[in-house]
Amino acid sequence: MSIALRVLAAVAVTVLGVAPFLLGQFETGLLAEMMVWGILAMGLDLLFGYTGMLSFGQALFFGLGAYGVALSFLVFHWPFWPALAAAVLLAAFAAGVTGFFAVRLTWHYFAIITIIFSLVVYFFAVGRSDLTGGDDGVSFQVPPMLAAGGIELTVYEPIVEYYFVLLVTAAVFLVLRAVTRSELGLVFRAVRDNAEKASLLGYDVLRYRWISFVLAGAFCGLSGALFAMKSRYASASFLFWTVSGDAVIWTVVGGAGTLVGPLLGTGLLIGIRDYLSNWFEHYLLVVGALAIVIVLLAPQGIVGLLRSRQPRP
């Protein structure tokens, strides 16, 4: 990691650590939301940046994660942690089934089939509004994450919710960092750079693409579960492909194949979007134009630009 990135990371960690004591409740909640969306972007980055598969279907797993916790609370009345685990497992299972078919395709064919899977489940959710609430969604209450010895920790307390999201985001980053630096991560890169050569070296390309797809789906499901618990709400709109499109933009702007880049791109664009929405009705046009300018000036993303500016020894 370059010196600039190390300094940026140190500043970010420090700011995030003390943010609840420096910012208002709304700003703290917005930071937590950025981190939740950042997990979605990191999940996509594992698939796109490290394995070379551009998916517009990650909204499928995000939405299933959201509905996983919602229905676990509403229908099965499960406690906090089993519901969260069930949501992640549901997303991972769906990714396993979807990936079995999708990873056999490449380039735009892969992107198209991921959109198709996402749309099929989206229209199913809209049609079964008796179960899912459709576009109107369903609301639910979140049980305490810890209740013992007179101590109760719940996401209804803003500071507890913030530090819970911060710890989960940090854990996801460290796990993905370990994966991408492991032998498995090296194989992912080999498949991304030259799938034919990787196959000739004895690696089962389809198998490793599938593993990457399932892992990415699980983390995207975790993001959806956290977002649903934060908003106490799940909707069929979470399954729509535009959610995936946002994650792609955040990842590309920040820098694909870096993990830090998706977090940076997510925070930057969501922060700008939130600020402009208070002043300008068509703020999305400005955010879109800014994203295009960044990509044109820094094709490798913001992190790639910072790395290129680092003087070589």
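I started at Leu259, which sits in the loop between α11 (241-254) and α12 (260-277); helices here are DSSP runs of H or I with at least four residues, strands are E runs of at least two, and both are numbered from the N terminus. I'm working on a predicted model, where local features need pLDDT of at least 70, side-chain atom pairs count only at pLDDT 80 or more, and totals for chains, interfaces and linings use all residues. Residues are numbered from 1 along each chain as its sequence is written, and side-chain values use heavy atoms, with hydrogens and water left out.

Leu259 has a positive phi of about 70° although it is not a glycine.

I found another non-glycine with positive phi, Arg232, at about 55°. Arg232 belongs to the loop between α10 (205-231) and β4 (233-234).

Next I looked at α12. Its 18 residues should span 26 Å at 1.5 Å a residue, and the end C-alpha atoms are 26 Å apart, which agrees; the expected span is 1.5 Å times one less than the number of residues. Where do the buried residues of α12 fall, seen down its axis? They stay within an arc of 140°, so they line one face of the helix; the arc is taken from the directions from the helix axis to the C-beta atoms. Among those buried in α12 I noted Pro262, Leu269 and Ile270.

Then I turned to α2 (residues 25-48), which packs on α11 at an angle of about 75° with the axes 9 Å apart. The axes are lines fitted to C-alpha atoms, for helices over the stretch in contact, and angles run from 0 to 180 degrees between N-to-C directions. I log α2 as roughly perpendicular to α11, a label for 65 to 115 degrees (under 35 is roughly parallel, over 145 roughly antiparallel, the rest oblique). Residues of α2 including Trp37 and Phe48 meet residues of α11 including Val243 and Trp250, with contact meaning heavy atoms within 4.5 Å.

My last stop was Ala228, in helix α10. Ala228 counts as buried, at 0% relative accessibility. Leaving out residues up to four places away in sequence, I see Ala228 touching Ala66, Val69, Phe140 and Tyr233. Gly63 is 165 residues from Ala228 along the chain, and their C-alpha atoms are separated by 8.9 Å.

Note on methods
Buried means under 20% relative accessible area, exposed over 50%, partly exposed in between (1.4 Å probe, protein chains only).
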